[in-house]
Amino acid sequence: MLKLASLPSGELARRLRGPGLRLRTGPLVFCIRSRVPEVIDGLAALYGAHEVEQPGGFADFHVSINRALGLRRWWRPKLFFGIDGDSPFAPLPGNQGLPMLEWGLNWCITANCHQYLILHAAVLERHGRALVMPAPSGSGKSTLCAALLFRGWRLLSDELAIIEPATGRLVPLPRAVSLKNASIEVIQRFAGDAVRFGSIVHDTIKGRVGHFPAPVDAVHRADERPFPGWIVFPRFEIGVPATLEPLSRGHALMRLIENAFNYNVHRLAGFEALTHLVQASACRTFHYSDLDSAITLFEQMAHDATPATTM
Amino acid sequence: MYTKTSEQRRDWACWALQHVELLPGLSAPQWELVISQARRADVLARLAARLQTSGQLDSVLAAPRSHLRAAMTLWRAQQDDVRAEAAQIAAVLRDSGCRVVLLKGAAYVAGDLPAAQGRLFSDIDILVPRAALRQVESNLMLAGWMGTHLDDYDQRYYREWMHELPPMQHLRRGTTLDVHHNILPITVRQPPDAALLIANAHRLPAYGDGLWTLAPCDMLLHSMTHLFHNDDLSHALRDVSDMDLLLRHFSTDPNFWPELMQRARLLHLQRPLAFGVWAASEFLGTPVPDEVRLAVDRAEVGWSAAIMRWLWRRVLRTPHVDAALPGASVAQFVLYLRAHWLRMPPMLLIRHLTIKAWKRIFAKSESPSTGQPA
């Protein structure tokens, strides 16, 4: 097993510019090509602990981030995301290579990996059980996820809950964690020296975006697929005290469906998988403004509430 | 400079469609190329469905198999959706007093044809008599399908010159429906007589009196005509595969080939027929009787036919950069212009392209693209 950080100097860039860097994250291998310096440096800064596969195996997706050719190479350069030799999205400004790569990898998974049921949610693990936090962007889900992983919770993913429909287990997809705007400083204050952000990218469609690497432990334990324990719908609101409130399983199910990417593709099996998920989990809504009191409540929840029966 | 190996440059999707029985023997790196190219050519679900039918899906390596299964899951869901949608359309148009003919993918599914195997969809197409268009449109609107392309020029483009209404979208389900009154624009030099197609249609028993499909020969001629005249060739290999499966299926009837040639003459579709027969046998090895091949070769001779075949060979392949032949982007551009040239008389075409270009520049300055994957 070869770690990205242990590639000889220059080898990372050579692979990215040439045959592709075969980066493993959870069950998937991405063959990534790019000549863009921000992407090369970003991968070095954020994915050092990840495994790199040698050619001769199987890569699930061929992706690339590259500059437009011609005059646009110099004049207000634009970047294209490529998949399977196609560029399905409008280009982005030249400094946004890394966020574009992260969005692109997520798109590959949500648009194609229908062997799994996929939700828009952060997922962490504590005491062998998974915490699933489904929420649309802007609800404070990523900030809360980042805070929890600096307090002993294992990161599975900050964006995608990947469920094996047959077993109900959650599949880890450890990748760099992305934070936006004020959340970047909030987590810098919260985690202190423990967090090392890569370069911050300004003026994206989502504002200022910063990434920090997934904890080494989360990357190493990517094969451990926990059963669900808790479903929490988080919401950040200025000035409110941290409160966890019970949510009926029926309501939880409806809200999971709203946050699912491919629920309709799975038909009855999708309904059954989500029904099992809510039955196996304690379901809560959560309002918070302060991270420390949030962590206290979550620790308490993880200790007291024995999750409901397993499936 | 990194150069690709000859293995990487092969058209794997096309090869895989022809050699499904050899797929379980592929190595992991070979599968990587097959999955990537087949996904790009929109035939991944078709490969999966055919492996499933022949009982070989389980002997495929685990990593590529999970992609094949994922594509199958998507295909099954789309098949359910298409059947449900077809039943809705049949119910809504039952009292419109005309035959409603399903076209293309939806027809393959509703008719349980081999071309339904692994066929993915983006919309549903129906054909109705031109005289019934108003009635059909208003019935659909009352049931929740709304017109798209609402600006004046687009409306005029579709309603005066095209063979279909502007695409309709269902308000709640989000499904797209194209309502056609012919299989080619009214502005082509010799449009086929749509009444002949509708008169010859076959009833789909599963939908009562509600839905029909084109007769086998007409279905193939439509498939060939559609590809021959299309400006968007991104699904070209999948379309050739549809033709291949339909030809193999229908030609078990000994009268099929003579009838196909006769029907093509009657509908002025000999050139699309010659093209389709050539493309299917060239790319997917579809068996074609000698007399048909001779007739096709006789119709397509000289340097213009040679140039056309040079162009098509570059565009009907898997649209993956790895598999591209030299000159592919030029070929694509030339065939794009050709599709427009066939569609409209020259003056109308110049006007149309100018307005399209103007609208594109204007729209860009108004709303900058977001570029963010959903």
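**View 1. The two assigned domains of chain A in the predicted model.** In this predicted model, the domain assignment divides chain A into domain 1, covering residues 2–112, and domain 2, covering residues 117–303. Between the C-alpha centres of domain 1 of chain A and domain 2 of chain A there is a separation of 25 Å. Where these two domains touch, domain 1 of chain A contributes 18 residues and domain 2 of chain A contributes 21 residues. On the side of domain 1 of chain A that touches domain 2 of chain A, the elements giving two or more residues are α2 (37–46) and α3 (97–112) of chain A, and the largest share of that side, six residues, belongs to α3(A). Sorted by class, the residues of this side of domain 1 of chain A that touches domain 2 of chain A comprise eight nonpolar, nine polar and one charged.

**View 2. The crossing of helices α4 and α9 in chain A.** Helix α4 (residues 141–149) of chain A and helix α9 (residues 291–303) of chain A have axes that come within 10 Å of each other and cross at roughly 65 degrees. Because angles of 65 to 115 degrees count as roughly perpendicular, α4(A) and α9(A) are described as roughly perpendicular to each other. The crossing of α4(A) and α9(A) is right-handed. From α4(A), the residues L144(A), A147(A) and L148(A) meet L291(A), A294(A), I295(A) and F298(A) of α9(A); by class, the contact of α4(A) with α9(A) has seven nonpolar, no polar and no charged residues.

View 3. Three strands of chain A make an open sheet with antiparallel pairing, arranged in the order β12-β14-β13. Since β12 (177–180) and β13 (201–204) of chain A each have a single partner strand, they stand at the edges, and one side of each is left without a neighbour in the sheet. From one strand to the next, the twist averages 35 degrees. The antiparallel strands β13(A) and β14 (residues 207–212) of chain A are joined by two bridges, and V201(A) is placed opposite V209(A) in β14(A). Helix α3(A), running at about 65 degrees to β13(A), lies across β12, β13 and β14 of chain A, whereas helix α5 (residues 182–191) of chain A lies across β12 and β14 of chain A and runs at about 115 degrees to β12(A).

**View 4. The contact between chain B and chain A.** Here 25 residues of chain B are in contact with 27 residues of chain A. On the side of chain B that touches chain A, the elements giving two or more residues are α3 (28–40) and α5 (62–92) of chain B, and α5(B) gives the most, with nine residues. The side of chain B that touches chain A is made up, by class, of eleven nonpolar, eight polar and six charged residues.

**View 5. Helices α4 and α5 of chain B.** The axes of helix α4 (residues 44–53) of chain B and α5(B) come within 8 Å and cross at roughly 100 degrees, which makes α4(B) roughly perpendicular to α5(B). Among the residues that meet here are L44(B), A48(B) and L51(B) in α4(B) and L68(B), M72(B) and W75(B) in α5(B). In the contact of α4(B) with α5(B), the residues divide into eleven nonpolar, two polar and one charged.

**View 6. Helices α10 and α13 of chain B.** Helix α10 (residues 216–229) of chain B packs with helix α13 (residues 270–284) of chain B at an angle of about 90 degrees, and their axes are 8 Å apart; α10(B) and α13(B) are therefore roughly perpendicular to each other. In α10(B), the residues L221(B), M224(B), T225(B) and F228(B) meet P272(B), L273(B), F275(B) and G276(B) in α13(B). The contact of α10(B) with α13(B) consists, by class, of six nonpolar, two polar and no charged residues.

**View 7. The seven-stranded sheet of chain B.** Seven strands of chain B form an open sheet with mixed pairing, in the order β3-β4-β5-β2-β1-β7-β6. At its edges stand β3 (145–147) and β6 (202–203) of chain B, each of which pairs on one side only. Three bridges connect β3(B) with strand β4 (residues 168–170) of chain B, and these two strands run antiparallel. The bridge partner of M146(B) in β4(B) is Q169(B).

Methods: Residues are numbered from 1 along each chain as its sequence is written. Chains are lettered from A and ligands numbered from 1 in the order in which they are written. This is a predicted model: local features need pLDDT of at least 70, side-chain atom pairs count only at pLDDT 80 or more; totals for chains, interfaces and linings use all residues. Domain bounds come from an automatic or database domain assignment. Two residues are in contact if their C-beta atoms, placed from the backbone, lie within 7 Å. Helices (H or I, at least four residues) and strands (E, at least two) are DSSP runs, numbered from the N terminus. Ala, Val, Leu, Ile, Met, Phe, Trp, Tyr, Cys and Pro count as nonpolar, Asp, Glu, Lys and Arg as charged, and the others, Gly among them, as polar. Axes are lines fitted to C-alpha atoms, for helices over the stretch in contact, and angles run from 0 to 180 degrees between N-to-C directions. Angles under 35 degrees count as roughly parallel, over 145 as roughly antiparallel, 65 to 115 as roughly perpendicular and the rest as oblique. A crossing is left-handed if the near helix is turned anticlockwise from the far one by less than a right angle, and right-handed if clockwise. Two strands pair if DSSP finds at least two bridges between them.
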